[in-house]
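This briefing concerns a predicted model and treats its domain arrangement and its ligand site in turn.

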Amino acid sequence: MSEAILLVGGQGTRLRPLTDSTPKPLLPLAGVACTTHQLLKAKAAGVTRVVLATSYLAEVFEAQYGAGEELGLELVYAVEREPLGTGGAIANAGQFLKGDGPILIFNGDVISNHSLEEQYRVHESSGAVATLHLTPVEDARAYGCVPVDDSGRVKAFLEKMDNPVTNLINAGCYIFDRSIIDVIPLNAVISVEREIFPELVKQHVQGYVSDDYWIDLGTPEAFTKASADLITGRAYSPALGSLNMEYLANAAEIATSARITGGTFLDEGVIVDESAYVHQSVILADSRVGSNAHVENSFVGRGVKIGSGIKLVNVAVGDGVEIHEGTTVSEGARLSA
Ligand code: GDD
Ligand code: MG
């Protein structure tokens, strides 16, 4: 399994305003873009060449990673002028593959600690045309629901159903035989989840079930949680090694009376004033947290000014926003400049 396709063309609608100028996969987790965490995980499992299936803000990926020299991977870009959906994206990216071997395909907004090597072994030994990483969740409604039989063979694929038949879901990481990529029509909008998997299960699709750390980064809250989990060591990434820290700060200026906890990430040039409290949050470059402010489970963009005494809980703040002292910000708010 030396080649991979990474699906990174989605709009990240639920993450606005954070995704207005940065594609969701490039938002930082513990200071490192989600895409970098994923590419290095694939590399550690033996992948040497990755086709990035891009669409929304496609140019930003190429500007950041180029041909992949810095990561020690060969990267190529398959750009969809109009988003083709997850299935159309796989077909389009398939044209850029070199080899005939099994292909690793993964959603670009997931941090997972499952073993790609184990998943590959299951693929090899089962003889399936596709092997899906599956993980149990409490509420399966927002995901692809995937019932399996006793041997782990996938019985059905039910994308986002109201009454899930199982709590086992599609974790967004697949191994496909090359033959099933080549038959997806080109230049058509197709969903792998809604159109391809329900057909493929009539052949042989295998499930690889694991309950290792897994998170989908669909919301700002999920981003702050994943970032904090990497910093405190609840989650692992080869991009960071094993951390076990209360917070991670890149050249930030923190008043001695401020309290930073819960795996918070503070980027370069961040200033935290006296008696401020920042818990399980992400604060990007050059932002300032005023004195006595309370910032909890929140994702704060670049160059943001949070006034004295401001309380933010589960809030996403876009780049450049100023929140003046005395403002009340409701829980879960999304603020943009
Ligand atoms: N290139 C390209 N083109 N990529 C796309 C497109 C497209 O048109 N649409 C979505 N993607 C990418 C997104 O960037 C993301 O990385 C991935 O495909 C999945 O899209 P999401 O929009 O995040 O889907 P989801 O989270 O609602 O559901 C998917 O992921 C769940 C697990 O996290 C599905 O695969 C579910 O079945 C799954 O359970
Ligand atoms: Mg997602």
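The protein chain falls into domain 1 (3–220) and domain 2 (246–335), with bounds that come from an automatic or database domain assignment. The C-alpha centres of domain 1 and domain 2 are 33 Å apart. The model is predicted: local features need pLDDT of at least 70, side-chain atom pairs count only at pLDDT 80 or more, and totals for chains, interfaces and linings use all residues. Residues are numbered from 1 along each chain as its sequence is written, ligands are numbered from 1 in the order in which they are written, and side-chain values use heavy atoms, without hydrogens and water.

**Domain interface**
- About 820 Å² is buried between domain 1 and domain 2, 71% of it from carbon and sulfur atoms; buried area is the accessible area (1.4 Å probe) that two parts lose on being put together, summed over both.
- On the side of domain 1 that touches domain 2 there are 6 nonpolar, 3 polar and 2 charged residues, where Asp, Glu, Lys and Arg count as charged, Ala, Val, Leu, Ile, Met, Phe, Trp, Tyr, Cys and Pro as nonpolar, and the others, Gly among them, as polar.

**Ligand site**
- Ligand 1 is surrounded by 26 residues (a heavy atom within 4 Å), the closest being Glu80, Glu159, Asn170, Glu193 and Asp216.
- A backbone N or O atom of Asn170 lies 2.6 Å from an oxygen atom of ligand 1.
- A polar backbone atom of Gly108 is 2.8 Å from an oxygen atom of ligand 1.

Definitions and conventions:
A polar contact is a pair of N or O atoms within 3.5 Å; within protein, one must be able to donate a hydrogen and the other to accept it, and residues adjacent in sequence count only if both atoms are side-chain atoms.
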